[in-house]
Amino acid sequence: MIIGELMTEIVAGVSPADRLADAVAIMCEKKCSCVLVSESGFPKGIITERDIVRIFSDTLVSQKISNATVAQVMSKDPVCVQQTTSLYDALVLARSRKLRHLLVINEHEQLVGLVTQTDMVDAYVHLIERQSQLETENHELHLLSNEDALMKIGNRRAMEVELNFTEASARRYKKGYAVALMDVDFFKKYNDYYGHQRGDNALRALADVIKESMRVSDRAYRYGGEEILLLMPETNAEDAIVASERVRAAVEAMALPHSESPFKCLTISVGVAASCDQSWQQLLELADQALYDAKNSGRNKVVVSPQ
Ligand SMILES: Nc1nc2c(ncn2[C@@H]2O[C@H](COP(=O)(O)OP(=O)(O)OP(=O)(O)O)[C@@H](O)[C@H]2O)c(=O)[nH]1
């Protein structure tokens, strides 16, 4: 919806020196609620129905002209809508028939109220604002329910949804996919030495580095405490090793001090598995086995599952 749809159009103009009576005559003739007062093409002011009514009421009161009847000035055949008419339908009606007031009747055809176009537009704008607020809240809730609060990467729930989807599409299009299970080395010692709070900070930094160094087509998820799963759609084992090695090296290059580790900085071990016809659960088991091998063969390395 744009302002142009809501605005009251100014269809007539007068100059400041014109007679008020001429302005009123123009408004009546053009059936417009206001006229623009302009001079040499520049807007100087505006005369609205309300201004006219105020002047007439002042004149009527001061001159005590009391013999004019309502019938002489009223607009005829007012349009009625049912109390149950939706705001949208009422607005459509008001716009299509260029009505600024609608009378409201109940099911017994009794008059129960009157609604102005401004009332309806205000209500409509309020609804739109509420709707966009709800959409924002929904989006945030969606993010929260799919995102890990600490690491700001996908959570396990999001991971399973994506793995199901990737597995199905790999089977269908015969395109392999790979997973890399990453686990921080000696993280218990890190927590014990630096404290849990700094352990959390380290996990945040780790997630940031992983996000920066992985390919845009890949997705990272928090698999468990200090374990991260990298999902690599349409990737074979060789490419998965290259991608995983890049992430491992980036974590090491971050050089986050870990005095209790033989590497003296925070490092990760990675187990990689790739397939095009295995279930993601089988693939994770293979990656887990490869990770176990990486841990047992010295840590801070990438090991790929032989299968
Ligand atoms: N600070 C912090 N620590 C966590 C979090 N999740 C898991 N951990 C810790 O991570 C540590 C994991 O320890 P282990 O599974 O023994 O593994 P490790 O010490 O990293 O040793 P290796 O994996 O064999 O190199 C535990 O001490 C957990 O408490 C977390 O969210 N924040």
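**A first walk through the model**

Strand β6, residues 111-116, is hardly covered: among its six residues, the count of buried ones is zero. By buried I mean that 20 or more other C-beta atoms lie within 10 Å of the residue's own; with 12 or fewer a residue is exposed, in between it is partly exposed, and the C-beta atoms are placed from the backbone. Strands here are DSSP runs of E with at least two residues, helices are runs of H or I with at least four, and both are numbered from the N terminus.

Two notes before we go on. This is a predicted model, where local features need pLDDT of at least 70 and side-chain atom pairs count only at pLDDT 80 or more, while totals for chains, interfaces and linings use all residues. Residues are numbered from 1 along each chain as its sequence is written.

Back to β6. Its partner is strand β5, residues 101-105, and five bridges join the two, which run antiparallel. Two strands count as paired if DSSP finds at least two bridges between them. Leu102, for instance, has Val115 in β6 as its bridge partner. The hairpin of β5 and β6 has five residues between the strands, and there Glu109 takes a positive phi near 65 degrees.

Now to helix α6, residues 117-146. How far does α6 reach from its first C-alpha to its last? The 30 residues of α6 span 43 Å, close to the 44 Å expected at 1.5 Å a residue; that expectation is 1.5 Å times one less than the number of residues. Of those 30 residues the number buried is zero, so α6 lies largely in the open.

Asn146 lies in α6. This residue is partly exposed, with 16 other C-beta atoms within 10 Å. Asn146 and Arg157 are 11 residues apart in sequence, and 6.5 Å apart in space from C-alpha to C-alpha. Leaving aside neighbours within four places in sequence, Asn146 is in contact with Gly154, Asn155, Arg157 and Ala158. Contact means that the C-beta atoms of two residues, placed from the backbone, lie within 7 Å.

Let me step back to the whole chain. The secondary structure comes to 11 helices and 11 strands. Of the 307 residues, 24% count as buried. Among contacts with a separation of 6 or more, residues 24 or more positions apart account for 55%.

Next, the sheets. Strands of a sheet pair through backbone hydrogen bonds, either parallel or antiparallel. Three strands form an open sheet in the order β1-β2-β3, with mixed pairing. Its edge strands are β1 (13-14) and β3 (42-48), each pairing on one side only. Two bridges join β1 to β2, residues 34-39, and these strands run parallel; Gly13 stands opposite Leu36 in β2.

Another open sheet has five strands in the order β8-β9-β7-β10-β11, again with mixed pairing. At its edges are β8 (219-222) and β11 (302-304), which each pair on one side only. From one strand to the next, the twist averages 20 degrees.

Is β9 largely enclosed or open? Five of the six residues of β9 are buried, so the strand is largely enclosed by the rest of the structure. Four bridges join β8 to β9, residues 227-232, running antiparallel, and Tyr221 has Leu229 as its bridge partner in β9. Six bridges join β7 to β9, also antiparallel, with Ala178 partnered by Met232.

Two helices lie across this sheet. α10 lies across β7, β9, β10 and β11, at about 165 degrees to β10. α11, residues 280-296, lies across β7, β10 and β11, at about 145 degrees to β10. For these angles, axes are lines fitted to C-alpha atoms, for helices over the stretch in contact, and angles run from 0 to 180 degrees between N-to-C directions.

Leu266 is found in the loop between α10 (237-254) and β10 (268-275). Leu266 is buried, with 24 other C-beta atoms within 10 Å. Beyond neighbours within four places in sequence, the contacts of Leu266 include Val184, Ala202 and Val251.

Last stop, the ligand. Of the 17 residues around the ligand, Asp185, Phe187, Lys188, Gly199 and Gly225 come nearest. Near means a C-beta atom, placed from the backbone, within 6 Å. The elements giving two or more residues to this shell are β7 (177-184), α8 (187-194) and α9 (196-213).
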